[in-house]
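Hi,

Here's the structure I promised to pass on.

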Amino acid sequence: MTTFGSLFLTVGLILAGVSVSFLTGADRAPGTVVSLDWRAGHSTGTSRTHRTNSGPMAYPVVEFTPAHGTPRTFRSSTGSNPPSYDTGDRVEVLYHANSPQDARINGFVSLWLLPLIFGGIGLATVVIATIVARLTRRRPASSGPSASRRGSRPDVPASSRVG
């Protein structure tokens, strides 16, 4: 359980590091949500699994103009239902000057949701595993019925005791 939690905590820290790295080198530009790209939720590969709560997700499509560049459009990698944005909403876009196609909306969900999910699950699992391990170490080990007899001495064989 500790290994599982440590793995998730490590993934969460790596994802947080990626977000911090992206933020430190990112330029900012105003953008506008030009449309919502509705996609079916929970589809994997060529097979779809239908769940009762797997409605379509709205991914905002944003247009922005990077400094010294031409207008660009990108679809956010974070979708939601109900939509977080409406067509016409103004947003701040983060992008790298050398790769403006890798742009993100400057928002909590798009930058920090995955690191918090993985890190939170990992941290909670490690804490619970540590508490369980400490509690199980404190329990005295049962030595069987002979240890509970009055006057028994485990260091002296039973055949040589006088009694």
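Below is what turned up, starting with the ground rules.

This is a predicted model, where local features need pLDDT of at least 70, side-chain atom pairs count only at pLDDT 80 or more, and totals for chains, interfaces and linings use all residues. Residues are numbered from 1 along each chain as its sequence is written, and side-chain values use heavy atoms, with hydrogens and water left out.

First, the helices (DSSP runs of H or I, at least four residues, numbered from the N terminus). α1 (residues 2–25) packs on α2 (residues 108–138) at about 155°, with axes 7 Å apart; axes are lines fitted to C-alpha atoms over the stretch in contact, and angles run from 0 to 180 degrees between N-to-C directions. So α1 is roughly antiparallel to α2 (angles over 145 degrees).

Next, salt bridges (a side-chain nitrogen of Lys or Arg within 4 Å of a carboxyl oxygen of Asp or Glu): the structure has 3. One of them joins the side chains of E92 and R28, at 3.4 Å from N to O. E92 sits in β6 (residues 90–96) and R28 in β1 (residues 27–39), so this pair links parts 64 residues apart in sequence. Strands here are DSSP runs of E, at least two residues.

Finally, L113 is in helix α2.

Cheers

Key. Parallel < 35°, antiparallel > 145°, perpendicular 65-115°, else oblique.
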